[in-house]
Amino acid sequence: MQPDETISGFRIFREVLDRAAQEALVADLRAVAAAAPLFSPVTPFGRPMRVRMTSAGRYGWYSDRSGYRYERRHPSGRPWPDIPAPVLELWRRFVGSGRDPDCCLVNHYGEGARMGLHQDRDEADFGWPVVSLSLGDEALFRMGGTTRGGPTSSVWLRSGDVVVMGGEARLCYHGIDRIRFGSSTLLRGGGRVNLTLRVVD
Ligand code: MD3
Ligand code: FE
């Protein structure tokens, strides 16, 4: 499959899901959030993150004063719900059926939410790519290189877009500078949801 754009190894596929598929997926994600409610992780520096999160799969991503990590259970003590079938289908389409993701992180961006530049390095094997799906409001995605402080480039991600980060891009710095709150009608009340699929262990 050919990406619509490739920017420093980040492969961007536009409008992979049409509106009907996006709406169906939002219903699945509401069920995930009912079983595993969204929460605001606290960074190791003690600051609550602006983005609210939950997860599906064998592992969920978690953070508190003790650090960033994956956990087997939601803070409620219950295991994370299963990854919705259409999400697994997306992964298999872009990565193949050799191994399914262990974690589907669900990030919710309300008005004013952003995510600073960071690397994803809490996983055991960087040979597996990360796949991300954007839903709802448009977001300004910034990507850099594998060291902090180098040049970056930015691109707007829209609802239904998929980004695949493998190879050189897997350890690149990335973040969300801002969203255009209310730019999409997918989520009632506005906002953005991003799914990231990862192999963890
Ligand atoms: C590049 N999320 O959850 S998705 C994250 O839109 C995260 O919520 C952002 O960064 C969001 O860690 C960006 C795009 C993305 C996801 C994972 C990556 C880019 C990546 C992993 C490696 C390199
Ligand atoms: Fe990330």
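**Reading the ligand site**

Author: By class, the shell around ligand 1 holds ten nonpolar, six polar and four charged residues. Here Ala, Val, Leu, Ile, Met, Phe, Trp, Tyr, Cys and Pro count as nonpolar, Asp, Glu, Lys and Arg as charged, and the others, Gly among them, as polar. This is a predicted model: local features need pLDDT of at least 70, side-chain atom pairs need 80 or more, and totals for chains, interfaces and linings use all residues. Residues are numbered from 1 along each chain as its sequence is written, chains are lettered from A and ligands numbered from 1 in the order written, and side-chain values use heavy atoms, without hydrogens and water.

Reader: How many residues surround ligand 1, and which are the closest?

Author: A residue is near if one of its heavy atoms lies within 4 Å. By that rule 20 residues surround ligand 1, the closest being Asn107, Tyr109, His174, Arg192 and Arg198.

Reader: Which strand gives the most to the shell around ligand 1?

Author: Strands are DSSP runs (E, at least two residues), numbered from the N terminus. Strand 13 gives the most, with four residues.

Reader: What lies 3.0 Å from an oxygen atom of ligand 1?

Author: A polar contact pairs N or O atoms within 3.5 Å. A polar side-chain atom of Asn107 lies at that 3.0 Å distance. For His118 the distance to a ligand 1 oxygen is 3.1 Å.

Reader: Which residues are the protein donors of the iron ion (ligand 2)?

Author: Donors are N, O and S atoms within 2.8 Å of the metal (3.2 Å for Na, K and Ca); water is not among the atoms, so sites may look incomplete. His118 (NE2), Asp120 (OD) and His174 (NE2) lie 2.0 to 2.2 Å from the iron ion. Their sequence spacing is H-x1-D-x53-H.

Key
Polar contact = N/O pair within 3.5 Å; in protein donor to acceptor, adjacent residues only side chain to side chain.
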